[in-house]
Amino acid sequence: KGAQVGWTEIINNALGYFVDHDPSPVLTVQPTVEMAEAWSKDRLAPMVRDTPALRGKIADPRSRDSGNTILHKRFPGGHLTMVGANAPAGLASRPIRVVICDEVDRYPASAGTEGDPIGLARERTVTYRSRRKIILTCSPTVKGKSRIGKAYLESDQRKPWVACHACGERQILEWARVRWNSDLKAEQRAASAYYECAHCNARWNDVQRWDACDDAEWRAAKPFAGIAGFWISHLYSPWKKL
């Protein structure tokens with residue numbers, strides 16, 4: 001994924017679903033324990049506070065006998081544990097049905113002396129067999145060494161195809177199709193930028209590009225064999241201008 005495409009909210013929505021509709025043991029893994037704490041305070045806590053269905057099931061950790069801490073939340077039928085990939089103790093012990101590994105390219109090569117953090121997290125889902133769900137996400141780093149790049153290649157490799165407002169033909173948004181007036185001064189070029197359709201060369205402004213993305217169609221490049229993979233660049237972000 002590219003930056004600023006709303007992935008954190010997708011994680012939040014998934015967690016909300018498993019708390020409210022399909023209670024399960026859930027584990028989220030951040031690169032470090034400190035990042036796990038920050039995510040719990042800055043992302044999870046506001047969602048629970050502002051969502052009545054969740055607020056009624058996850059007690060405030062400050063309340064007496066809530067059974068909840070910053071890194072561990074209980075709810076009827078399940079629990080949520082937040083750990084850092086650099087802390088092997090957090091990746092061991094109890095069985096987990098749902099594992100969400102965020103920013104995996106920032107994980108250490110080994111959790112202490114225990115081995116690959118993702119491998120350790122996967123092991124915790126074994127008892128759930130076909131009912132388990134493992135989610136990996138990250139902005140890719142070095143090609144050939146990226147954990148998320150390798151995982152994507154093992155998937156069915158889905159990409160979002162969007163339709164041109166002028167000709168209706170669908171395409172994948174690519175940076176190579178972004179144009180600007182190179183005759184302008186550097187500080188003025190950004191204002192002249194637009195996206196050019198790969199089929200009819202029609203110009204898309206930001207609003208037209210955002211509207212097209214609202215109707216994106218996910219198409220897989222390979223047959224599905226148990227792993228769904230999703231690719232999306234910052235050109236699809238509703239918060240990014242060209």
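The lining of the largest pocket comprises 19 nonpolar, nine polar and nine charged residues. The model examined here is a predicted one. The volume of this largest pocket is about 1300 Å³. Of the 37 residues that line the pocket, those closest to its centre are Leu136, Ile148, Ala228, Gly229 and Phe230. Two or more lining residues come from each of α1, β5 (133-137) and α5 (147-153). Among these elements, α5 gives the most to the lining of the largest pocket, with six residues.

The second largest pocket has a volume of about 380 Å³. It is lined by 15 residues, and the closest to its centre are Ala45, Asp60, Pro61, Arg62 and Lys73. Here α2 gives the most to the lining, with seven residues. By class, the lining of the second largest pocket divides into eight nonpolar residues, one polar residue and six charged residues.

Rolling a probe the size of a water molecule over the atoms shows where empty space is left. In this model, one cavity of 30 Å³ or more is found, and the space in the largest cavity amounts to about 30 Å³. Its lining is formed by Leu15, Gly16, Val19, Leu44, Met47, Leu54, Ile58 and Leu80. The elements that give two or more residues to this lining are α1 (7-20) and α2 (33-50). The most comes from α1, with three residues. Seven of the lining residues of the largest cavity are nonpolar, one is polar and none is charged.

The aromatic side chains complete the picture. A pair of aromatic rings is described by the distance of the centres and the angle of the planes. Across the whole structure, a search finds five aromatic pairs. In one of them, the ring centres of tyrosine 17 and phenylalanine 18 are 5.3 Å apart and the planes stand at 80°, so the pair is edge-to-face. Tyrosine 17 is partly exposed, with a relative accessible area of 42%, whereas phenylalanine 18, at 7% relative accessibility, counts as buried. Another pair joins tyrosine 195 and tryptophan 204, whose ring centres lie 5.2 Å apart with their planes at 45°, so this pair is tilted. Both tyrosine 195 and tryptophan 204 are buried.

Lysine 159 lies over the face of tryptophan 231, at 4.6 Å from the ring centre. Likewise, arginine 203 lies over the face of tyrosine 194, and the distance from the ring centre is 4.1 Å.

Methods. Residues are numbered from 1 along each chain as its sequence is written. This is a predicted model: local features need pLDDT of at least 70, side-chain atom pairs count only at pLDDT 80 or more; totals for chains, interfaces and linings use all residues. Side-chain values use heavy atoms; hydrogens and water are left out. Rings of Phe, Tyr and Trp (its six-membered ring) pair if their centres lie within 6.5 Å; planes under 30 degrees apart count as stacked, over 60 as edge-to-face and the rest as tilted. Buried means under 20% relative accessible area, exposed over 50%, partly exposed in between (1.4 Å probe, protein chains only). A charge sits over a ring if NZ of Lys or CZ of Arg is within 6 Å of the ring centre and within 35 degrees of the ring normal. On a 1 Å grid over the protein atoms alone, a cavity is a set of points where a 1.4 Å probe fits but cannot get out, and a pocket is an open set with protein on both sides within 12 Å along at least five of seven lines; lining residues have an atom within 4 Å of a point. Grid points are joined across faces, edges and corners, and a volume is the space filled by probe spheres set on the points. Helices (H or I, at least four residues) and strands (E, at least two) are DSSP runs, numbered from the N terminus. Ala, Val, Leu, Ile, Met, Phe, Trp, Tyr, Cys and Pro count as nonpolar, Asp, Glu, Lys and Arg as charged, and the others, Gly among them, as polar.
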